[in-house]
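Here is a short report on charged side-chain pairs. Look over the sequence and the model, then read on.

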Amino acid sequence: GLARQGAPRGILVNGVRFGYIESGFHQRWHNRTPEQMAERAELVPLKRGGHVDEAAALMTYLLSDWAGFITGQMIPLTGGDWL
């Protein structure tokens, strides 16, 4: 709905749905060990967690003029998790 309302004014509305990103969040907030984090990465089809630089690159792209025709989307950054 927001994308439809904003479109006539050139306002783009998108979201990013993150999967397992190796940011330290899980270790700090959920007290996960390095072994638990390695087990979690094995559940991802790409067999690794995402890097914060990959997340930043996607957001940078969405904020750039290159993404001027993308609106109303929820973009998954999951490494294939939830396929």
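## Salt bridge count

The count comes to three salt bridges. The model they come from is predicted. Each pair is taken in turn below.

## D81 and R40

D81 pairs with R40 in a salt bridge. Their closest N and O atoms lie 2.5 Å apart.

Is D81 buried or exposed? D81 has a relative accessible area of 10%. Buried means under 20%, so D81 counts as buried. R40 has a relative accessible area of 25%. That value falls between the 20% and 50% cut-offs, so R40 is partly exposed.

## K47 and E42

K47 forms a salt bridge with E42. Here the closest N and O atoms are 3.9 Å apart. The cut-off is 4 Å, so the pair counts.

How accessible are the two partners? K47 is partly exposed, at 47% relative accessible area. E42 is partly exposed too, at 45% relative accessibility.

## R48 and E54

R48 and E54 also meet through their side chains in a salt bridge. The N to O distance is 2.8 Å.

What is the relative accessible area of R48? The value is 33%, which makes R48 partly exposed. E54 has a relative accessible area of 32% and is likewise partly exposed.

Conventions. Residues are numbered from 1 along each chain as its sequence is written. This is a predicted model: local features need pLDDT of at least 70, side-chain atom pairs count only at pLDDT 80 or more; totals for chains, interfaces and linings use all residues. Side-chain values use heavy atoms; hydrogens and water are left out. Buried means under 20% relative accessible area, exposed over 50%, partly exposed in between (1.4 Å probe, protein chains only).
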